[in-house]
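Hello,

Here is the structure I promised to pass on. My notes follow below it.

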Amino acid sequence: MEETKKTLLDDSFISAMALTNSGVPQVPDRYVLPPSQRPALGSSLATTETTLPVIDLSLLHQPSLRSRAIHEINIACKEFGFFQVINHGIPSSVVKDALEAAKLFFDLPVEEKMLLVSANVHEPVRYGTSLNHSTDSVHYWRDFIKHYSHPLPKWIDMWPSNPPCYKDNVGKYAEATHVLHKQLIEAIAESLGLEKTYLQEEIEEGSQVMAVNCYPTCPEPEIALGMPPHSDFSSLTILLQSSQGLQIMDCNKAWVSVPYIEGALIVQLGDQVEVMSNGIYKSVIHRVTVNKDVKRLSFASLHSLPLHKKISPAPKLVNENNNAPGYGEFSFNDFLEYISSNDFIQQRFIDTIKKISP
Ligand code: OGA
Ligand code: NI
């Protein structure tokens, strides 16, 4: 009780939802980006005509068509580190219920959400705003709740008790994404010429962090962002969005808006796959824009090897091609240590483990 009071009195924490609900006509100064980092909404730069890949995952389950899907995945991973998937097997009711639970959670009174607030990135369940409200120099127009999600029975009791449907609805979605992610990792290994079962055990025991994000309507979307450019530490991230807002950086360093496709899910390669593939695939740099009209919700499910398990380039990809390993090894925990003491917007984590070629 004392703790809760103290946190509430600490006025350094104001959620984006609270600002939107109070009807502020402008974003507070801490949200204003330097001109070079603003999203240039509506300019042709931000919305190039690039067509982003959409892959029908039902092909993976048809023996005569699997190799076609693997080929499409290979091209998408090489070109973008990104693709959308349809016919992914997660029922639309599961998706809808998870989004409903997230909406109800972010609509709760401030006091209720503050029970879970934390600036400690090692906390298995934490509510927050921006990236880290206590250390960010520029703030981002986003509130979030993040929680460990696999194995579910280990973590679910620590999840929000309110709204009452949260654990059930989000738990079902988390389990479904875990199954989907195993299928995707198999396909990605295969697309690299590795055994389908490469790292299977580590992946089964791996960690899953569900980041549930809320981007309320923003009075000045031209000068703020929901999330800054970054890549995810994960092996891969499965992203569900309620409306458009995500942008990815293409190979020409141009921002491309990811279209909203009803029923589709987004797959993004993270730093663990970049390292494992020895740089054949790159993790995708992405950011989130905000807008004046629609509140946007997203679920980013970040899958990775177990917390302390190091990932390194697959020996086959190093030896067969006579390549030197381009990366050192790292674990999810190494990433957490890095972001707790460094500004990961200034320098990407993956750049710290790249080997300089002689
Ligand atoms: C993330 C992320 C994108 C989005 O949580 O890492 O990039 O659209 N989210 O919310
Ligand atoms: Ni991300």
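Which residues in H3 meet which residues in H7? Arg 66, Ile 70, Ile 73, Asn 74 and Cys 77 in H3 meet Glu 186, Ala 187, Ile 188, Glu 190 and Ser 191 in H7. Contact means heavy atoms within 4.5 Å. The residues of this contact divide into 5 nonpolar, 2 polar and 3 charged. (Ala, Val, Leu, Ile, Met, Phe, Trp, Tyr, Cys and Pro count as nonpolar, Asp, Glu, Lys and Arg as charged, and the others, Gly among them, as polar.)

Some ground rules. This is a predicted model: local features need pLDDT of at least 70, side-chain atom pairs count only at pLDDT 80 or more, and totals for chains, interfaces and linings use all residues. Residues are numbered from 1 along each chain as its sequence is written, chains are lettered from A and ligands numbered from 1 in the order in which they are written, and side-chain values use heavy atoms, with hydrogens and water left out.

Back to the helices. H3 spans residues 66–79 and H7 spans residues 166–191. (Helices, H or I with at least four residues, and strands, E with at least two, are DSSP runs numbered from the N terminus.) They pack at an angle of about 80°, with their axes 9 Å apart. H3 and H7 are therefore roughly perpendicular to each other (65 to 115 degrees).

Next, ligand 1. The residues around ligand 1 (a heavy atom within 4 Å) include Tyr 215, Met 227, His 230, Leu 239 and Val 288. Asp 232 places a polar side-chain atom 3.3 Å from a ligand 1 oxygen. For His 286 the distance is 2.9 Å, and for Arg 296 it is 2.8 Å. The protein covers 97% of the 290 Å² of accessible area (Shrake-Rupley, 1.4 Å probe) that ligand 1 has on its own.

Last, the backbone. His 150 to Pro 151 is a cis peptide bond, omega near -5°. Pro 151 sits in the loop between S4 (143–148) and H6 (152–155). Asn 162 to Pro 163 is also cis, with omega near -5°. Pro 163 is in the loop between H6 and H7.

Best wishes

Technical notes. Axes are lines fitted to C-alpha atoms, for helices over the stretch in contact, and angles run from 0 to 180 degrees between N-to-C directions. Angles under 35 degrees count as roughly parallel, over 145 as roughly antiparallel, 65 to 115 as roughly perpendicular and the rest as oblique. A polar contact is a pair of N or O atoms within 3.5 Å; within protein, one must be able to donate a hydrogen and the other to accept it, and residues adjacent in sequence count only if both atoms are side-chain atoms.
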